[in-house]
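Have a look at the model, try each task, then read the solution.

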Amino acid sequence: MKIKNRTDKNGEIEDLKRRLLDAEETLRAIQRGEVDALVVNTGKGEQVFTLQGADQAYRLVMEQMSEGVVTLSPEGVILYCNQRFADLTKTRLEKVISSNIYNYIQSQAHDTLHQMMGQDGRAEMDLVVADSSTVPVYLAVRRLSINEMAIISVIVTDLTEQKKKDQIISLKDEFIGMVSHELRTPLTVIMGAIYTVIAPRVPKQDKRQLLKDALASTEELANIVENLLELSRAQSNRLDITKEVMDMRQAAREVVSKLSKRIDKRRLIVEMTGLPKLTADPLRIKRILYNLAENAMKYSPEGCAVTVFARADHDEIVVGVKDHGIGISPQDQAKLFKPFERLDMSPQIKGIGLGLIVAERLVQAHGGRIWVESAPGKGSTFYFTLPLGSAAGGQASFK
């Protein structure tokens with residue numbers, strides 16, 4: 001036991017000797033001017049901090065920063081950068097260092113960057129990354145002088161999330177404006193019709209037509225509100241689908257009958273025979289059909305028919321809504337299923353561009369898919385599929 005204690009003490013003495021030798025060597029280096037140092041009173045006596053250690057701490061801080069940090073020569077050569085900047089450019093760290101900062105900035109911003117490197121400055125610009133995409137960034141550039149050598153320090157802040165927030169705010173403002181306008185239109189018709197109806201000496205026939213106009217506008221208003229609610233449910237994962245056995249042909253007929261009362265100068269035709277029953281949410285299927293048929297009628301010339309058809313295909317039903325309108329270019333087809341997109345901004349075309357995106361969300365909630373086949377001048381046909389499924393009803397939440 002005594003031997004073990006003696007051995008432990010000998011080990012501690014040797015370790016203390018090594019530490020003293022290291023400290024003496026550091027002090028001699030400081031005395032010779034080989035290492036800069038600070039002597040700090042820590043409350044537990046004076047403690048020596050070498051600038052070599054401070055440099056290590058500085059680099060550690062730089063590496064942990066959420067911003068990109070770059071040190072440049074006056075010519076733009078990258079002398080140092082942290083891992084965050086390398087990640088922003090999607091380039092290996094060792095490849096970034098010794099390359100030129102201009103390689104990572106869009107050419108149209110080179111003059112701005114050159115000017116900032118000459119006199120300090122701040123600006124937004126796009127960072128070019130390895131896959132040829134761009135990242136919006138905010139650059140803060142400052143000139144420094146170290147040992148009479150000019151060095152340029154650059155802090156790079158990723159603005160991607162900020163840009164997304166700004167875009168969301170812009171979309172919300174645009175959305176509020178569009179909804180306010182679209183809600184005002186049917187409300188104006190309803191209020192005008194009611195005020196006229198209750199006025200004295202209005203012929204009975206005129207009252208009847210005014211009430212029909214008010215009813216049509218009420219249905220239009222209800223459709224806008226219901227589409228907004230459906231989209232809100234889908235976006236917040238609260239879209240509950242209540243399934244039951246239903247007849248697609250009967251659902252289509254009900255939708256056509258309802259729409260025909262609103263739009264007198266266009267014909268709606270249902271072509272469905274021999275379809276099997278399917279299990280789906282009847283209210284949501286009618287909304288899909290309503291949105292697609294209403295959209296087709298809006299963009300169809302007066303007197304042209306819109307056809308709603310369907311066929312069984314193995315384990316699913318394929319439903320189509322065909323119009324003879326102006327058609328859609330391949331470029332515009334990519335915009336169709338985005339909220340608040342309207343390809344024709346003519347004032348006579350009503351709506352806020354919600355019908356197609358709501359139809360898409362409801363089709364997807366049923367496990368189906370939706371697409372369009374169209375060409376300019378040749379009309380459009382919107383298709384969607386629904387799985388036939390089992391005959392059992394029930395309630396399912398789709399997210």
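**Exercise 1.** Find which residues of α8 meet which residues of α9, then work out how the two helices are oriented.

*Solution.* Start with the contact (heavy atoms within 4.5 Å): from α8 come M248, A251, A252, E254, V255, K258 and L259, and they meet I285, K286, L289, Y290, A293, E294 and M297 of α9. Sort these by class and you get ten nonpolar, no polar and four charged residues. (Ala, Val, Leu, Ile, Met, Phe, Trp, Tyr, Cys and Pro count as nonpolar, Asp, Glu, Lys and Arg as charged, and the others, Gly among them, as polar.)

Next, the axes: helix α8 (residues 248–260) and α9 cross at roughly 45°, and their axes come within 9 Å. So α8 and α9 are oblique to each other (angles under 35 degrees are roughly parallel, over 145 roughly antiparallel, 65 to 115 roughly perpendicular, and the rest oblique).

A word on the source: this is a predicted model, where local features need pLDDT of at least 70 and side-chain atom pairs count only at pLDDT 80 or more, while totals for chains, interfaces and linings use all residues. Residues are numbered from 1 along each chain as its sequence is written, and side-chain values use heavy atoms, leaving out hydrogens and water.

**Exercise 2.** Work out how α9 and α11 are oriented, and which residues make their contact.

*Solution.* Helix α9 (residues 282–298) packs on helix α11 (residues 355–365) at about 150°, with the axes 9 Å apart. That makes α9 roughly antiparallel to α11. Now the contact: α9 brings R284, R287, I288, N291, L292 and N295, and α11 brings G355, L356, V358, A359, L362 and V363. By class, that's seven nonpolar, three polar and two charged.

Key
Axes are lines fitted to C-alpha atoms, for helices over the stretch in contact, and angles run from 0 to 180 degrees between N-to-C directions. Helices (H or I, at least four residues) and strands (E, at least two) are DSSP runs, numbered from the N terminus.
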